[in-house]
Amino acid sequence: MQFIMIKIIGMIMVLISSTLIGYLKSLKYTLRRRTIRAILSSLNILITEITYNQITLSEAFAKLSETSESGIGKLFLIASQILNSNEGYTASEAWEIALDKVGDLNLNQDDIRILKSFGKGLGNSDIYNQEKNFKLASELLKKQLNDAEELSKKNEKLYKNLGVLVGIAVIIIFL
Amino acid sequence: MSIDVIFKIAAIGILVTVLNQILIRSGREEQAMMVTLAGVVVVLMMVITMINNLFTAVKTIFQLY
């Protein structure tokens with residue numbers, strides 16, 4: 001009787017752990033999709049503030065850092081801190097340093113490259129060019145969003161199911 | 001020769017079929033192929049052990065060789 005109990009406990013543990021591993025691997029795709037969407041909406045707010053409200057970039061970043069979701073808020077927070085520290089960084093330098101400092105954003109290499117090139121155009125010219133710079137970044141990010149949604153649709157369910165099934169397979173073969 | 005082995009083999013067969021379909025459906029055909037092959041190898045290992053026992057038993061009973 002004891003033997004069966006321990007076997008059952010072991011089976012449950014293997015099943016739970018493999019399901020969780022599958023779920024974790026599928027999270028990467030979900031998070032990337034959500035993050036790109038959050039960046040798009042935050043950048044939208046940014047360009048609206050800059051165009052219609054004429055506030056400084058450091059204030060805009062501070063505002064954005066509060067209203068943005070999860071990881072993105074941290075990026076804006078670091079950027080606004082760097083700008084506020086008065087060490088003479090330009091806006092685009094601050095953006096780039098913040099991008100490097102913010103750690104793991106759940107984004108692809110391509111997405112980060114788009115963000116970096118957006119930063120190069122930041123604060124470098126007049127309002128009209130800022131809008132064009134933003135429109136370019138926004139178009140590219142929308143394409144990345146489509147890409148991410150496709151990938152996520154294909155892979156999320158796949159990894160979750162794979163996790164459960166491999167757990168069952170291990171249980172059957174070894175127990 | 002317990003009846004459990006038959007159930008194990010049947011369950012592995014079902015699992016391999018399901019995994020095969022899922023992987024093919026999501027486009028990863030090479031991995032589907034690999035999973036099928038792995039399933040076949042695992043079942044073959046189980047069956048070979050039993051066949052080995054069978055031959056040993058026959059050898060002992062008939063004392064042939």
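Predicted model: local features only at pLDDT ≥ 70, side-chain atom pairs only at ≥ 80, totals over all residues.
## The annotated spans of chain B

## How the two helices of chain B pack

Helix α1 of chain B runs over residues 4–25 and helix α2 of chain B over residues 29–62, and their axes come within 8 Å and cross at roughly 170°. Because angles over 145 degrees count as roughly antiparallel, α1(B) and α2(B) are described as roughly antiparallel to each other. By class, the contact of α1(B) with α2(B) has 14 nonpolar, four polar and one charged residues.

On the α1(B) side, the residues that take part are B:V5, B:K8, B:I9, B:I12, B:V16, B:L19, B:N20, B:L23 and B:I24. Across from them, α2(B) contributes B:Q31, B:A32, B:V35, B:T36, B:G39, B:V42, B:V43, B:M46, B:V47 and B:M50.

## Helices α5 and α6 of chain A

Chain A also has a pair of helices that pack against each other, namely α5, which covers residues 109–121, and α6, which covers residues 127–174, with an angle of about 175° and axes 9 Å apart. The pair α5(A) and α6(A) is therefore roughly antiparallel. The residues of this contact divide into six nonpolar, five polar and two charged.

From α5(A), the contact draws on A:D110, A:D111, A:I114, A:S117, A:F118 and A:G121, while α6(A) brings A:Q130, A:N133, A:F134, A:A137, A:L140, A:L141 and A:Q144. One of these, A:Q130 in helix α6 of chain A, is buried, with a relative accessible area of 7%. The C-alpha atoms of A:Q130 and A:E66, which are 64 residues apart along the chain, are separated by 23 Å.

## Two further residues of helix α6

Helix α6 of chain A also holds A:Y128 and A:N155. With a relative accessibility of 56%, A:Y128 counts as exposed, whereas A:N155 is buried, with a relative accessible area of 4%.

Although 77 residues separate A:Y128 from A:T51 in sequence, the two are 8.6 Å apart in space, C-alpha to C-alpha. Leaving aside neighbours within four places in sequence, A:N155 is in contact with A:Y29 and with a residue of the other chain, B:R28.

An α-helix has 3.6 residues a turn, so residues three or four places apart point the same way.

## Individual positions elsewhere in chain A

A:E49 has its place in helix α1 of chain A, which covers residues 2–53. Is A:E49 buried or exposed? With a relative accessible area of 14%, A:E49 is buried, and, not counting residues up to four places away in sequence, A:E49 touches A:Q54, A:I55 and A:K63.

A:L107 is found in the loop between α4 and α5 of chain A, and at 16% relative accessibility A:L107 counts as buried. Residues up to four places away in sequence aside, A:L107 touches A:R32, A:T35, A:I36, A:I39, A:I112 and A:L115. From A:L107 to A:R34 there are 73 residues in sequence and 9.9 Å in space, C-alpha to C-alpha. A:K101, in helix α4 of chain A, residues 91–101, counts as exposed at 55% relative accessibility, and the C-alpha atoms of A:K101 and A:I6, 95 residues apart along the chain, are separated by 47 Å.

Terms used: Residues numbered from 1 in each chain as written. Chains lettered and ligands numbered in written order. Heavy atoms only, no water. Axes fitted to C-alpha atoms, helices over the stretch in contact; angles between N-to-C directions. Helix = DSSP H or I, 4+ residues; strand = E, 2+ residues; numbered from the N terminus. Parallel < 35°, antiparallel > 145°, perpendicular 65-115°, else oblique. Contact = heavy atoms within 4.5 Å. Nonpolar A, V, L, I, M, F, W, Y, C, P; charged D, E, K, R; others polar. Buried < 20%, exposed > 50% of the residue type's maximum accessible area, 1.4 Å probe, protein only.
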